[in-house]
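Work through the following exercises with the structure open. Each task is followed by a solution in steps.

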Amino acid sequence: MTLVAITGTPGTGKTSIAAELRSRGCTVVDLSQHIRDNGLRGEFDAERDTYEVDLDDLNDSLEQYRTGDVVYMEGHLSHFMDCSSIIVLRCHPEVLAQRLKSRGYSDAKVRENVQSEVLDVILCESTESDIPVYEVDCTGDDIPYCADSVQAIVAGGGEDRIPGSVDWSLEVEKWF
């Protein structure tokens, strides 16, 4: 199985990297769209402004993509799926905050997501699995370069992108 998770805090570049990979002819599953198309949305959580999703049902619905060919799945839940590797996209907290504000996120939602990025929440969740995990810093917003990095990891070149290669710990005081 070569199902590759592309995950990260909202605003780190998942959608942009996925679009670049698609433009290169890669198969990319947009998990948000897949969830909608397959009726996997649960109840709406108004406090968090998101829908609940049964992760087991989502994982089962991806069976069609476990073919042996490289298939990327993009979304902030992708690291919870059965896959061959997890690539966590990262972004400097100040840049991430600006990206989220430009999307119209509330101050509370910006702070929640930036704090998650500073604390490596998705990275930590990812490393709890036995699946190889890698990090790509997308702060510079050079989408082709980041997509090159993702493809290089899948081709076996991720030794310089292991967990811990991106560190925002010096930003803690600014966001807490």
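**Exercise 1: Strand pairing**

In strand 7, Val 136 is the bridge partner of Leu 89. The model is a predicted one.

Task: State in which sense strand 6 and strand 7 run, and how many bridges join them.

Solution. 
- Step 1. Locate the elements: strand 6 covers residues 85-90, and strand 7 covers residues 133-137.
- Step 2. Strand 6 and strand 7 run parallel and are joined by five bridges.
- Step 3. Check the cover of strand 7: four of its five residues are buried, so strand 7 is largely enclosed by the rest of the structure.

**Exercise 2: The surroundings of strand 1**

Task: Find which strands pair with strand 1, and decide whether its faces are covered or open.

Solution. 
- Step 1. Strand 1 pairs with strand 5 (residues 71-74) in the parallel sense, over four bridges. Within strand 5, Tyr 72 is the bridge partner of Val 4.
- Step 2. Strand 1 also pairs with strand 6 in the parallel sense, over five bridges. Here the bridge partner of Val 4 is Ser 85.
- Step 3. Sort the residues by side. Leu 3, Ala 5 and Thr 7 are on one side, Val 4, Ile 6 and Gly 8 on the other, and all are buried. Both faces of strand 1 are therefore covered, where buried means under 20% relative accessible area.
- Step 4. Six of the six residues of strand 1 (residues 3-8) are buried, so the strand is largely enclosed by the rest of the structure.

**Exercise 3: Salt bridges**

Task: Of the seven salt bridges in the structure, examine the pairs Arg 24 with Asp 148, Asp 120 with Arg 90 and Glu 171 with Lys 174.

Solution. 
- Step 1. Arg 24 is in the loop between helix 1 (14-23) and strand 2 (27-30), while Asp 148 is in helix 7 (residues 143-154), so the pair ties together parts that are 124 residues apart in sequence.

**Exercise 4: A backbone angle**

Solution. 
- Step 1. Recall the background: most residues other than glycine have a negative phi.
- Step 2. Phi of Asp 120 is near 60°, a positive value in a residue other than glycine.
- Step 3. Asp 120 is placed in the loop between helix 5 and helix 6.

**Exercise 5: Surface patches**

Task: Identify which residues form a negative patch and which form a nonpolar patch on the surface.

Solution. 
- Step 1. The negative surface patch consists of Asp 54, Asp 56, Asp 57, Asp 60 and Asp 82. One of these residues, Asp 60, is in helix 3 (residues 55-61). Asp 60 counts as exposed because its relative accessibility is 54% and the cut-off is over 50%.
- Step 2. The nonpolar patch is formed by Leu 119, Val 121, Val 172 and Phe 176, which together have about 320 Å² of accessible area.
- Step 3. Val 121 belongs to helix 6 (residues 121-127) and counts as partly exposed, at 31% relative accessibility.

Methods
Residues are numbered from 1 along each chain as its sequence is written. This is a predicted model: local features need pLDDT of at least 70, side-chain atom pairs count only at pLDDT 80 or more; totals for chains, interfaces and linings use all residues. Side-chain values use heavy atoms; hydrogens and water are left out. Patches are made of residues with over 30% relative accessible area and no salt bridge: like charges are joined within 9 Å, nonpolar side chains (Val, Leu, Ile, Met, Phe, Trp, Tyr) within 5 Å. Accessible areas come from the Shrake-Rupley method with a 1.4 Å probe; for residues, only the protein chains shown count as cover. A salt bridge is a side-chain nitrogen of Lys or Arg within 4 Å of a carboxyl oxygen of Asp or Glu. Lys and Arg count as positive and Asp and Glu as negative; His and the chain ends are not counted. The place of a charge is taken as NZ of Lys, CZ of Arg, CG of Asp or CD of Glu. Helices (H or I, at least four residues) and strands (E, at least two) are DSSP runs, numbered from the N terminus. Buried means under 20% relative accessible area, exposed over 50%, partly exposed in between (1.4 Å probe, protein chains only). Two strands pair if DSSP finds at least two bridges between them.
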